[in-house]
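Subject: Structure for you to look at, with notes

Dear colleague,

Here is the structure I promised to pass on, together with its sequence.

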Amino acid sequence: MVDSTTLADARRVRRQHFGGDFRLHSVIYPIDYCTSGCTYCGLSTLLAREGAHGVRGAMRPATFDWLMRRLTDAGYHVHELVFGTVADDQARLTSRIARWVESARRHDPDGYLIVNCDTLRPQDYRVLRSAGADAVWTFMEVMSPDVYRAKHRSGLKADREQRLEAPLRMREAGLAVGNALLWGLTEDWQGELDQFVAWSGQVGGFDFVATPVQQRLTLSPGSAAPDYFDVTPPLTVDPELYLTICCELRLAFPTARLVANTRLDPTFVYGQVSAVNDMCNGYVWTGSRSHPERELAQDGHVRHDGTQMDFHNPGADPEAIQRLCPQDITVRLDLRA
Ligand code: SF4
């Protein structure tokens, strides 16, 4: 049971800093393959070696153009572009990401663009800023060094030290900074939270704190993952624990945008978590092979083969999402006002 005093305090802090506004953003994976070896992610190169991938690769530019038009027509003006490690060379990674950012910026000149990507060098963050990015999110996922090492076996993401200093580089480049832990990766969620809050203080705080939750990995029929792979999360985060964690984060980060996640049931996320968090994903485009190329994925529960994309897709209709929210919460699709 969520502690009632903590919940009331978290709701009060949310009201104080964000009123009843609840920001929605679109989530797009322009490239859905990765060269990092994380033991919990459906895009991991560890799965590629086992032939257990359902990825398509890079989205065709025409598909991206079509998608951006659909989303902006639906009113979305905050977009998160998600990239794994799509090159082990950071300069190359930057130039690839910058092309997608420039394209998104052309479609939505006044929109707010968030890039979710691996660590970059200081000069690379400046390239993304020039391309039109407003913020970069680089999720730490887990704080404890031994757990981090066990979960990140290869690729850029295995470099924990670089990840720890990345927020400073982003800020220097004029970008807003986002970060997150992946809840469910280890049983000691309270210990992780304490380390995360302490670290944020050392790197100047965060503008966005996201709250992804690890779910059971969905594998293609007949495919297998290595024995050490986290097909089933070490800790199952149920709605009650999720709300508790969000309340703790709300109190620890009173002025940061606290981003909810529809890997849990959207009726719960929009209906209850929105009283604590002030932002959430709306539409999600995963780009995997099972995602239709020229349609928005269906609303409802989606399990994409060979990826970790086990989530509830709330669809692109903001009015439908508004109907799931409490009456005193107002869905908004911008971030600048
Ligand atoms: S979590 Fe990110 S870096 Fe790790 S395998 Fe998945 S996409 Fe790649």
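What follows is a walk through the chain, its helices, its cores and a few individual residues.

Please keep in mind throughout that this is a predicted model. The protein chain has 337 residues, of which 63% are buried, and its secondary structure comes to 11 helices and 11 strands.

I would begin with helix α4, which runs over residues 90-107 and whose 18 residues reach 26 Å from the first C-alpha to the last, close to the 26 Å expected at 1.5 Å a residue. At the start of α4, a side-chain oxygen of Asp89 comes to within 2.9 Å of the backbone nitrogen of Ala91. The buried residues of this helix include Leu93, Ile97, Trp100 and Val101, but also Arg96 and Arg105, and the elements that cover the buried residues of α4 include the helices α3, α5 and α7 as well as the strands β2 and β3.

Gln90 also belongs to α4, and Gln90 counts as buried because its relative accessibility is 14%, with the cut-off at 20%. Although Gln90 and Arg121 are 31 residues apart in sequence, their C-alpha atoms are 7.0 Å apart in space. Beyond its neighbours up to four places away in sequence, Gln90 touches Thr119, Leu120, Arg121, Asp124, Leu156 and Gln162.

Arg163 is placed in helix α7, and Arg163 is buried, with a relative accessible area of 3%. Which side chain does the side chain of Arg163 meet in a polar contact? The partner is Asp118, at 2.7 Å. Leaving aside residues up to four places away in sequence, the residues that Arg163 touches include Cys117, Thr119, Phe139, Tyr148, Lys157 and Trp199.

Asp134, by contrast in setting, lies in the loop between α5 and β4, and its relative accessibility of 11% makes it count as buried. The side chain of Asp134 reaches the backbone nitrogen of Leu113 at 2.8 Å, and a polar contact of 3.0 Å joins the side chains of Asp134 and Arg336. Among the residues that Asp134 touches, with those up to four places away in sequence not counted, are Arg105, Gly111, Tyr112, Arg129 and Leu175.

Turning to the nonpolar part of the structure, the largest nonpolar core holds 92 residues, and those that touch the most other members are Leu24, Ile28, Val115, Leu128, Phe196, Tyr242 and Leu249. The largest share of this core, 7 residues, comes from helix α9, residues 239-252. Another core, of 13 residues, lies apart from it and has Val78, Phe208, Val259 and Leu335 among its members. As general background, nonpolar side chains in soluble globular proteins tend to be buried together.

The buried residues of α9 include Leu241, Tyr242, Ile245, Cys246, Cys247 and Leu249, together with Thr244 and Arg250. What covers the buried residues of α9 includes the helices α1, α8 and α10 and the strands β6 and β7. Tyr242, with residues up to four places away in sequence left out, touches several others, including Thr211, Val213, Val237, Leu264, Phe268 and Val273.

Finally, the aromatic rings: the count comes to 11 aromatic pairs. One of them is formed by Phe196 and Trp199, a tilted pair with 6.0 Å from centre to centre and 55° between the planes. Phe196 and Trp199 are separated by about one helical turn, because they are 3 residues apart in helix α8, and both Phe196 and Trp199 are buried. Elsewhere, Tyr112, Trp137, Phe139 and Phe208 form one aromatic cluster, and the charged end of Arg153 sits over the ring of Tyr228, 3.7 Å from the ring centre.

With best wishes

Definitions and conventions. Residues numbered from 1 in each chain as written. Predicted model: local features only at pLDDT ≥ 70, side-chain atom pairs only at ≥ 80, totals over all residues. Heavy atoms only, no water. Helix = DSSP H or I, 4+ residues; strand = E, 2+ residues; numbered from the N terminus. Expected span 1.5 Å × (residues − 1). Buried < 20%, exposed > 50% of the residue type's maximum accessible area, 1.4 Å probe, protein only. Contact = heavy atoms within 4.5 Å. Polar contact = N/O pair within 3.5 Å; in protein donor to acceptor, adjacent residues only side chain to side chain. Phe/Tyr/Trp six-rings, centres within 6.5 Å; stacked < 30°, edge-to-face > 60°. Lys NZ or Arg CZ within 6 Å of the ring centre and 35° of its normal. Core = buried A, V, L, I, M, F, W, Y, C linked by side-chain atoms within 4.5 Å.
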